[in-house]
Amino acid sequence: MKKIAIFISGTGTNMMNVVEAVSTGEIRDARVELIVSSSVNAKGLVFAKEQGIDTDVILYKGKSLDEVSTELSTMIAGRDIDLIVLAGFIKIVPEAFIDGFKGDIINIHPSLIPLFCGKGFYGIRVHEVVISSGMKVSGATVHYVDGGVDTGEIIMQRCCEIEDTDTAETLQKKVLTIEHEILKLAVDKVLNE
Ligand code: GRF
């Protein structure tokens with residue numbers, strides 16, 4: 001049985017899709033052990049608690065990255081986590097934590113990396129820049145997390161057409177649908193292949 005921790009910051013729709021895929025067996029032989037949020041107000045925490053999944057909150061304000069790293073390590077200690085999934089997690093994961101974690105860490109990003117990614121590229125801003133670039137396709141990427149921002153090895157991507165009538169908001173909805181499709185496929189691939 002592979003054990004997963006999911007890190008969120010907000011609504012948590014990507015996390016919800018992973019939880020559901022674990023329960024249906026679409027993600028094989030796995031269990032979601034812990035949901036960590038960077039905000040006490042994240043709506044995803046309500047869902048996690050309703051599902052009976054352990055939750056925790058990591059607050060960065062006023063802390064060094066080393067202190068955050070130590071706190072995160074303590075949160076997952078003893079849970080034998082195999083995979084950490086960053087699902088709408090908008091904070092930087094300290095390199096010390098990445099280096100100290102024995103398993104894999106993966107992230108879902110709402111663009112076709114290496115385009116439109118890196119520091120400051122998250123949420124609606126990504127799609128605003130994509131629309132203004134005149135691109136005719138966008139999409140989502142699941143990648144391994146290394147010490148950089150959106151720089152790890154790509155695991156899976158899927159793209160969508162951008163219509164002339166698309167706005168940043170309509171594109172965000174299209175890409176979020178893709179995120180929901182590929183994140184669970186990528187989690188299963190990383191854990192079982
Ligand atoms: C989504 O826009 C997604 O692109 C990014 O984080 C945002 C929130 O996702 N990964 P979620 O609904 O909290 O999973």
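At 18% relative accessibility, Phe116 counts as buried, a term used for residues under 20% relative accessible area, whereas exposed means over 50% and partly exposed lies in between (1.4 Å probe, protein chains only). The model is a predicted one, in which local features need pLDDT of at least 70 and side-chain atom pairs count only at pLDDT 80 or more, while totals for chains, interfaces and linings use all residues. Residues are numbered from 1 along each chain as its sequence is written, and side-chain values use heavy atoms, with hydrogens and water left out.

Phe116 is placed in the loop between S5 and H5, where the helices (H or I, at least four residues) and strands (E, at least two) are DSSP runs numbered from the N terminus. Although Phe116 is not a glycine, its phi is positive, at about 55 degrees. Pro114 also lies in the loop between S5 and helix H5 (124–133), and the peptide bond that leads from Ile113 to Pro114 is cis, with omega near 15 degrees. Most residues other than glycine have a negative phi, and most peptide bonds are trans. A positive phi, near 60 degrees, is likewise found at Asp150, a residue other than glycine. Asp150 belongs to the loop between strand S6 (137–144) and S7, and with a relative accessible area of 12% this residue is buried.

As a whole, the chain contains six helices and seven strands, which follow one another along the sequence in the pattern β-α-β-α-β-α-β-α-β-α-β-β-α. For 193 residues, a compact globule would have a radius of gyration near 16 Å, and the 16 Å of the chain agrees with this; the radius is taken over C-alpha atoms, and the globule rule is 2.2 Å times the number of residues to the power 0.38. The C-alpha trace spans about 50 × 40 × 30 Å along its principal axes. Of the 193 residues, 47% count as buried. Among contacts (heavy atoms within 4.5 Å) with a separation of 6 or more, 64% are accounted for by residues 24 or more positions apart.

Helix H1 (residues 13–24) comprises twelve residues and reaches 16 Å from its first C-alpha to its last, close to the 16 Å expected at 1.5 Å a residue, where the expected span is 1.5 Å times one less than the number of residues. The buried residues of this helix are Asn14, Met15, Asn17, Val18, Val19, Ala21 and Val22, and they pack against strand S1 (2–8), strand S2 (30–37), helix H2 (43–50), strand S5 (104–109) and helix H6 (168–192). Just after H1, Gly25 takes a positive phi of about 90 degrees.

Cys160 is located in strand S7 (residues 154–161) and is buried, with a relative accessible area of 11%. When residues up to four places away in sequence are not counted, Cys160 touches Lys136, Val137, Ser138, Gly139, Leu171, Lys174, Val175 and Ile178. Thr177 is 17 residues from Cys160 in sequence, and the two are 10.0 Å apart in space, C-alpha to C-alpha.
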